[in-house]
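Please open the structure in your viewer and keep the sequence panel beside it.

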Amino acid sequence: MPGSTTEATSGATLKRTLRFRDLVLYGIILIQPTAPMPSFGVIYAEARGHVVTAILCALVAMLFTSISYGRMARVYPQGGSAFMYVGRELHPSLGYITGWCMAMDYILNPLICTIWSAKAAQNFLPDVPYVAWAIFFAALFTILNLRGVETSARINAMMAAALGVVILLVVGSILRYLFLLPHQPGAFYTTPFYDPATFSSGSLFRGTSIAILTYIGFDGISTLTDEAKDPARTVPRAIVMTCLITGVLASIEVYLAQLVWPRGTAFPDLDTAYVSVAGRAGGVFMFALVNASLLLATIGSGMASQLGAGRLLLAMGQEGSIPRRFFGVVHPKNRIPRNNILFIGVICLIGALVFSYQLGTELLNYGALLAFMGVNVAAALRAWRTAGLKQWWPILCSLTGFAVCLFIWLNLGHLAWVAGSLWAVVGIGCWVFYGRAASAVTG
């Protein structure tokens, strides 16, 4: 029965309190409604101005993958995400490596959120040193998550509402700016999708590999199936809906931004390019509002991704792939994986003091895309075992998702390949010396 492992481990079970709305809000906040804004400038530079096209190309891969996630969550409504799906359908060793790579993705997300939040806070209070802000935000994420999933769901709802208002204000200011422009030719409105003067398929695919960052986190919903009401129905719907909503919002945000910023004009700073766009459209007020809203969104993402990482480590601990006594325990009072939350909080603090934001973001997609490919293969194999070619459509969808994710993965940068591969090798070593033996004992 779902949750029986948790009971056997600690005598406590996770409470089923999350509704479909809570799951979608959790996913949207984990991804961020403002997700394309921080990476807008980098994608713009890599894709040679074709940001909206890169976002839409990434959406194709994520929609196919979200469907596969939804089907697997329906089969395994116990949580565990890609780690469980790949391990059960393919092989425990592949599941372990998938979980290990996803752990890198999940842990890096709150880590870079800590970095970005600290630097954004310095824009408001520059006299406070970066180290102090890094300690503050790492502690903030950890303390709020230790209060439990119900608190997180309420915070998610408030953040989603606030960010929705900010996005409306940004869109309104941009539309007003565009309305006041002199009459523009039709090509002005189509060049964000395709500009023959700068288009390059290689550049577009490179930009797409970065644009995947816009969607990373939707799969985190599957780690909450132990706390979802009617998980077989609500979790698959929430995964697909979160991915689709994110793609639509992101496309609108970057399309309007491209119309505002003159083609060929350099941004003052690529990392804060969207803030410059907002300032051009709405003046000092919008510049400050967008800067503040991105800080708020990053805080929400850091909290939610730290929670998702804790759930993933909980599943791996309960499977015996990592030390069960530490990672596989649910706190009997708050019914959360307290050890894991604290563990990730320490990593976020240390990482924020030694990592750069750029290095963290370059590593995120490596593990995520590997996991996405694994889930697509697992879903295709599950459909084949269930009914063979009678399930040709689910199989085709999953294999298409795998192919698209593989293509994007192959277009990642050199640094991501080197560092990501090093992390994977370390994971393989852990499996050889610990995980395999634990699997043999528990199996």
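Helices (H or I, at least four residues) and strands (E, at least two) are DSSP runs, numbered from the N terminus. The model is a predicted one, in which local features need pLDDT of at least 70 and side-chain atom pairs count only at pLDDT 80 or more, while totals for chains, interfaces and linings use all residues. Residues are numbered from 1 along each chain as its sequence is written, and side-chain values use heavy atoms, with hydrogens and water left out.

**The whole protein**

Begin with a cartoon of the protein, which has 17 helices and zero strands. Of its 443 residues, 56% count as buried, where buried means under 20% relative accessible area, exposed over 50%, and partly exposed in between (1.4 Å probe, protein chains only).

**The core**

Next, select Phe 40, Met 62, Tyr 69 and Val 290, which touch the most other members of the largest nonpolar core, a set of 129 residues. A nonpolar core here is a set of buried Ala, Val, Leu, Ile, Met, Phe, Trp, Tyr and Cys residues joined through side-chain atoms within 4.5 Å. Helix α12 (residues 273-319) gives the largest share of this core, 21 residues.

Stay with Tyr 69 and show its contacts, meaning heavy atoms within 4.5 Å; when residues up to four places away in sequence are not counted, Tyr 69 touches a list of residues that includes Tyr 85, Phe 218, Ile 239 and Phe 372.

**A buried threonine**

Now move to Thr 234 in helix α11 (residues 231-260). Is Thr 234 buried or exposed? Thr 234 counts as buried because its relative accessibility is 6%, and, leaving aside its neighbours within four places in sequence, Thr 234 is in contact with Phe 20, Leu 23, Ala 228 and Lys 229.

**A surface patch**

Turn to the surface and select Val 131, Ile 135, Val 346, Ile 350, Leu 353 and Val 354, which together form a nonpolar patch. The elements that give two or more residues to this patch are α7 (130-146) and α14 (338-354), and the largest share, four residues, comes from α14. Leu 353 lies in helix α14, and Leu 353 is partly exposed because its relative accessible area is 44%.

Finally, select Cys 57 and Cys 397. Cys 57 is partly exposed, with a relative accessible area of 28%, whereas Cys 397 counts as buried at 7% relative accessibility.

Definitions and conventions
Patches are made of residues with over 30% relative accessible area and no salt bridge: like charges are joined within 9 Å, nonpolar side chains (Val, Leu, Ile, Met, Phe, Trp, Tyr) within 5 Å. Accessible areas come from the Shrake-Rupley method with a 1.4 Å probe; for residues, only the protein chains shown count as cover. A salt bridge is a side-chain nitrogen of Lys or Arg within 4 Å of a carboxyl oxygen of Asp or Glu.
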